[in-house]
Amino acid sequence: MDSSVPLLISVVTGAIGAALIAYAFSRAHGNVLIGGAIGAIAGAAAPLIFMLPLNYCTFEAERESIDVAFGLLLIGIALIAVIVPVRWISMRLLGHQSVIARQIVPGAFKGKWTPWLLLAPTLAILVLFLYYPSLDTFRLSTLLARLGARRTAFVCVDNFTRLAQDSGYLNIIGITFFISIAIVVIGLALSLAIANLAYLPIKGASIYRTLLIWPYAISPAVAGIIFLLLFNPTGGLINYVLNGLFGIKIGWLNDPAAAPWAVIMASVWKSLGYNILFYIAGLQNVPKDLLEAAAIDGANAWQRFRRIVIPLLSPITFFLIITNMTYAFFETFGTIDYLTGGGPVNATTTMMYNIYEVGIVNNDLGKGAAQSILLFAMVIGLTVLQFRTTGERVTYGA
Amino acid sequence: MNRRKSLLLALFVLVCALAVAPAFAQEPTDVHVWVAFTDYRLDWTQQKAAIFNEMFPQYNVIVDGYANYEELFSAAALAAEQDALPAVIQYFEVATQDARDSGYFKSIASALGDRTEVNGVQVDLADFIGPVSAYYTLDGEFTSMPWNTSSAIMFSNMNLLNAAGIDTPPATWGEVEAACEAVMALDAAPEFCFTWPNHGWFFEQWVAQQDAPLANNDNGRSERATEVVLDSDAGIAVASWLKDMKDKGYLYYSGAQGGDSWATVDQAFQTQQVAMAAYSSSDTAVYTQTGVDNGFDVVASFLPYNEETGWAGNLLGGASLWLVDGLAPEVEDGALTFLLWFTNTNNAAEWHQVTGYIAIRQSSNDMLSTADWYATMEPTASQVWKDNALVQAAQGSPWFDANPNFIVAANQLAQSTVDVATSGALLGAFPSIRNVITQALDTVLLTDADPAETMTAASAEANQILEEYNLLNAPE
């Protein structure tokens, strides 16, 4: 690597940082020079977040262009992560506002240390079991590491860039989205329909409701085993019934086209109870007078459902989309492991399941860590996107 | 006053010492043993440990079971990181290279030194049958204690084969296909004809039968293996044959791979959805009994081979018991005592009878060939053995005469030519490479992918795993 690379990078990012903060200062009628200086320092320091641990390895001469591109991406992320808070803090200081709102809150602790003391147990657990392992994942992702091996080897960002070139992994991303979206869409539609039925004032409604919620109490692994028995291609109940009725047998577990549907059905069934619970609660909060008014105006049942119930349920739906998406990404693992083991032909290997196969089954810790960081980034991205798009269409008032 | 105080103190110390001393003397030394079984095989092992603990009250052997080899393998690596290894771990044969590289273990030979007995239990390593002691002798040193040794064989449902006019189980791939044609033409034809567990071991067996090595440097035995070959002519032949069988509707493939695949074959064979199943001899007892319970005759035979290349021999499989290095001397002695006793003539014979794993000692085979084995074995036998229907039924006659299925695997190994290919590969990260193999066969069977191209791609993937493993584990 050319020894001037770190300097060059920091000069460029420093210039960008200076320009951005100086611009912000000029708009706020602050001192452009001071703003520029703050921005330059922050901008020049930002790349160090990633580049100090990586030692600028992505810019070494023998690296491929994809490594360089990944390095630039990391610098971009670091720049955003530094400049945005710096701009925010400096603007508040410029406006002579206190950075930390210091209001007298009733019931606040008098001492400086009491709150920390009370937080300490929680913080200790979080640091030990959440923050430290998370940080360690970043370290592992730059290594070639196997459990029980004599040594590790530093491989720069290979674990990440190789994923981008691996058509098998791109396929896994596709499968993950297909299975997850199907679980959310089918799961929510089905549970809304069932909740509507269960909400009808009929005899023994509370018994039906209780029975409908049961699947939620079953662990994903048990759901996997139940469906393993049901979906068994030769001796399973589902194929027995299908064969008796239509004379067909579907290779639920050994046909790559059918297997994802087995996982989707098992997962939908598993989360059904939870969704129904929330939808019933939501339905109980739909004001009767609105529905009556609409009925008097001549709206039929479907129109009332479509124009009044669904919009009023939107906060619940939004909440359920987020929780179901999280469920589909992370918690279907147990179901998949017991039902299909990721097969056939990787047709049910989701990103989460692949992390387990690579990192745990095959002991390849570095690649597993890189994949889990990618999944982590993706889920954060999805949630932000959800809040930005769907979130705006949610009505919280009647 | 002062004197009285010190006298009292002395008395107190004495009383304490007296109270504690017998406790020290009687407290047995814990010896932890991890095995990869959770079924009746774990029960058997625990019952034997209980008998051992009665015979040697100074030790307390505690046996813990893990779901399968792969899981135990990971658990051991984790335990090593935390310095919490037990005294003895069961490692499967393909983990041999990983076990050697790990540095967790001490060879049995070096732990024994020149002792001829430990706590009165005889050391007789020469009594282990040839292929077994050959496999677990590394660099000329007896490394781990053989225990469950098997080979891949085939079980046939003779009622179905006889109905199709076939008297003896087919011996070659071509004969299997011909038999399947006849079976599938029956009026009461089963849904499929043949099945096998998609476990890397069977691919290795079929490649070895064709006398082809799986890795360079003499299958990793003359020097560390640095290259795996899955796309040899032999490897492609295996994939092509299976695909052909699948395309003709003869082969049942459940879609389950590795450790999950065994149960799917059990189910298909037990419910008579197939006429033949390639399987491990480890379950000869279960498969034979399955036939008895469900009213069909089960015959074990050698694993069918590729008639175009001929039969060189088969590999052994199974696992051995590894002694952890750096144990306290009394724990190591306890572990050695247990290992020697656990694999003695009677126990090796008992283990063979309740499972189907090969009787690893010549003396066990000799004893079982006589008619009065039952009386010899009964005094120290486990409940699992006493409850075994086959054992009870065979009383009074030579064991192998009463149960011919049980000699098949031993014969198969005995008739094998021992060479580079049939000794099996020593490979780093072999468990991961096996996953690549089963994945490749999965692709060949369930998609239109070309067998040769798929195996070549799998080779590349396996070689990358091996290269990375060697980079991290090879001694400098």
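In chain B, the C-alpha centres of domain 1 and domain 2 lie 27 Å apart. Those domains are 29–150 + 317–414 for domain 1 and 152–315 + 424–473 for domain 2, with bounds from an automatic or database domain assignment. This is a predicted model, where local features need pLDDT of at least 70, side-chain atom pairs count only at pLDDT 80 or more, and totals for chains, interfaces and linings use all residues. Residues are numbered from 1 along each chain as its sequence is written, chains are lettered from A and ligands numbered from 1 in the order in which they are written, and side-chain values use heavy atoms, leaving out hydrogens and water.

Staying with chain B, 30 residues of domain 1 are in contact with 36 residues of domain 2; contact means heavy atoms within 4.5 Å.

Now the cores. A nonpolar core here is a set of buried Ala, Val, Leu, Ile, Met, Phe, Trp, Tyr and Cys residues joined through side-chain atoms within 4.5 Å. Buried means under 20% relative accessible area, exposed means over 50%, and partly exposed is in between, with a 1.4 Å probe and protein chains only. The largest nonpolar core has 166 residues, and Tyr91(B), Phe194(B), Trp196(B), Trp206(B), Met276(B) and Trp373(B) have the most contacts inside it. Helix α22 of chain B, residues 430–446, gives the most to this core, with nine residues. Helices are DSSP runs of H or I with at least four residues, strands are runs of E with at least two, and both are numbered from the N terminus.

Take Trp206(B). Leaving out residues up to four places away in sequence, Trp206(B) touches Trp173(B), Phe194(B), Trp196(B), Val238(B), Trp241(B), Leu242(B), Ala278(B), Leu303(B) and Pro304(B).

Phe430(B) is found in helix α22 and is buried, at a relative accessible area of 2%. Phe430(B) and Ala95(B) are 335 residues apart along the chain, yet their C-alpha atoms are separated by 6.5 Å. Tyr357(B) is in the loop between α15 (345–355) and α16 (362–369). Is Tyr357(B) buried or exposed? Tyr357(B) is buried, with a relative accessible area of 3%. From Tyr357(B) to Ser150(B) is 207 residues in sequence and 5.0 Å in space, C-alpha to C-alpha.

On to chain A, which is divided into domain 1 (1–102) and domain 2 (163–393). Their C-alpha centres lie 42 Å apart. Helix α7 (residues 167–199) and helix α8 (residues 205–213) of chain A pack at an angle of about 155°, with axes 9 Å apart. That makes α7(A) roughly antiparallel to α8(A). Angles under 35 degrees count as roughly parallel, over 145 as roughly antiparallel, 65 to 115 as roughly perpendicular, and the rest as oblique. The axes are lines fitted to C-alpha atoms, for helices over the stretch in contact, and angles run from 0 to 180 degrees between N-to-C directions.

Last, Asn239(A) lies in helix α10 of chain A, residues 237–246. Asn239(A) is buried, with a relative accessible area of 1%.
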